[in-house]
Amino acid sequence: MSYPAGLQEVGEGLYAYMQPGGSWGWSNAGLIADGEATLLVDTLYDLALTERMLKSMRDAVPAAAAIDTLVNTHANGDHCYGNQLVGGARIVASERTAAEMPEVPPAAMAALVEQAPQMGELGEFFLRCFGAFDFSGIELALPQETFSGELSMTVGDRAVELIEVGPAHTRGDTLVHVPAAGVLFSGDILFSEAHPIVWAGPVSNWIAACERILALEVEVIVPGHGPLAGPAAVRELKAYFEYLYDEARARHDEGMTALEAARSISLERWADWGDSERLVVNIANIYSELDGDPEPLNPVVGFEQMAALSKPR
């Protein structure tokens with residue numbers, strides 16, 4: 001995907017920080033400013049990327065030299081591994097996000113990248129996803145304040161609403177809504193022009209999260225990955241999940257494995273979306289929901305299946 005990189009103003013005092021082309025690890029972030037007050041939405045996957053982002057924010061918005069509040073929308077490292085660079089900020093996240101964040105520490109990612117050349121097909125796929133990032137020197141800074149459900153905040157005189165819609169992509173996904181501006185920072189509830197990935201689920205929750213966003217009647221959405229979007233992208237994501245649920249149910253009834261189902265489902269409508277290997281994880285999550293199994297797919301198994309699906313047959 002080709003779209004502008006770096007800091008873009010999406011409303012008065014509202015900024016998106018964009019990282020094309022939005023694939024694995026190349027996440028977006030945001031800044032909300034009003035007078036001397038600032039709120040940062042997410043950090044990036046490594047320290048160099050986060051420092052580059054913070055510098056661009058300081059250059060554009062002098063008040064960003066001292067970030068007051070940092071909101072982590074969810075626990076994946078590409079949205080929180082840079083937290084340590086936002087010294088002095090109050091870090092806020094949902095309770096579920098705060099509990100999940102330490103489960104995959106930066107040192108574990110660094111070790112996996114180091115071991116990947118000896119891990120065969122899985123290691124090759126893992127490096128393709130994450131080899132561009134430097135996980136050294138990262139000390140994970142965890143939230144000091146948590147909430148469950150919803151939390152109302154102010155940034156200067158600007159009202160900001162935090163709305164927890166997980167478990168879906170992860171266990172504690174949070175939307176950051178600026179009602180007066182019609183702007184939403186969606187975290188990874190929206191992968192714009194790319195396949196989402198359901199690490200936690202259930203998919204029915206993610207469909208409900210789409211409906212929640214549409215009810216907010218926002219105009220601009222800063223997605224977790226991919227180009228800026230609007231409500232049409234959320235409607236398309238909802239249609240994708242509804243289609244996938246129906247197709248997966250039929251193949252589940254036929255006894256197909258998730259990988260077999262992923263290879264057989266037509267995605268012509270979404271043929272231009274990136275990262276199609278994620279389909280197998282999404283189907284596996286739907287299978288778990290159909291089986292009444294609350295346990296999400298083991299991430300290692302998920303990466304093994306995505307590596308297999310990404311190989312030409």
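User: In which sense do strand β5 (residues 69-71) and β6 pair, and over how many bridges?
Analyst: This is a predicted model: local features need pLDDT of at least 70 and side-chain atom pairs count only at pLDDT 80 or more, while totals for chains, interfaces and linings use all residues. Residues are numbered from 1 along each chain as its sequence is written, and side-chain values use heavy atoms, with hydrogens and water left out. Strands (E, at least two residues) and helices (H or I, at least four) are DSSP runs numbered from the N terminus, and two strands pair if DSSP finds at least two bridges between them. For β5 and β6 the sense is parallel, and the bridges number three.

User: Which residue in β7 is the bridge partner of V92?
Analyst: β6 also pairs with strand β7 (residues 145-147), in the parallel sense over three bridges. On the β7 side, the partner of V92 is E145.

User: How many of the five residues of strand β6 (residues 90-94) are buried?
Analyst: Buried means under 20% relative accessible area; exposed is over 50%, and partly exposed lies in between (1.4 Å probe, protein chains only). Strand β6 is mostly covered. The buried count is four.

User: Which residue in the turn between β8 and β9 has a positive phi?
Analyst: Strands β8 (residues 150-155) and β9 (residues 158-164) run antiparallel, joined by six bridges. S152 stands opposite E161 in β9. The two strands form a hairpin with two residues between them, and the positive phi, about 65 degrees, belongs to G156.

User: Why is the ring pair of W24 and F125 classed as it is?
Analyst: Phe, Tyr and Trp rings (six-membered ring for Trp) pair if their centres lie within 6.5 Å; planes under 30 degrees apart are stacked, over 60 edge-to-face, the rest tilted. The whole structure holds 21 such pairs. Here the centres are 6.4 Å apart and the planes lie at 85 degrees, so the class is edge-to-face.

User: How many residues apart are W24 and F125?
Analyst: W24 lies in the loop between β2 (14-18) and β3 (29-34). F125 sits in helix α4 (residues 120-130). Both residues are buried. The pair links distant parts of the chain, and the separation is 101 residues.

User: Which residue has its charged end over the ring of W24?
Analyst: A charge sits over a ring if NZ of Lys or CZ of Arg is within 6 Å of the ring centre and within 35 degrees of the ring normal. W24 also belongs to a ring-pair cluster that includes W26, Y45 and F135. The charged end, 4.3 Å from the ring centre of W24, is that of R278.

User: How many residues are in the largest nonpolar core?
Analyst: A nonpolar core is a set of buried Ala, Val, Leu, Ile, Met, Phe, Trp, Tyr and Cys residues joined through side-chain atoms within 4.5 Å. W24, F130 and F135 are among the members that touch the most others. A second, separate core has 21 residues, including M153 and L162. The largest core has 84.

User: How far apart are the end C-alpha atoms of helix α9 (residues 299-310)?
Analyst: The expected span is 1.5 Å times one less than the number of residues. Buried residues in α9 include F303 and M306, and their cover includes α4, α7 (258-264) and α8 (279-290). The 12 residues should span 16 Å, which agrees with the end-to-end distance of 16 Å.

Definitions and conventions
Contact = heavy atoms within 4.5 Å.
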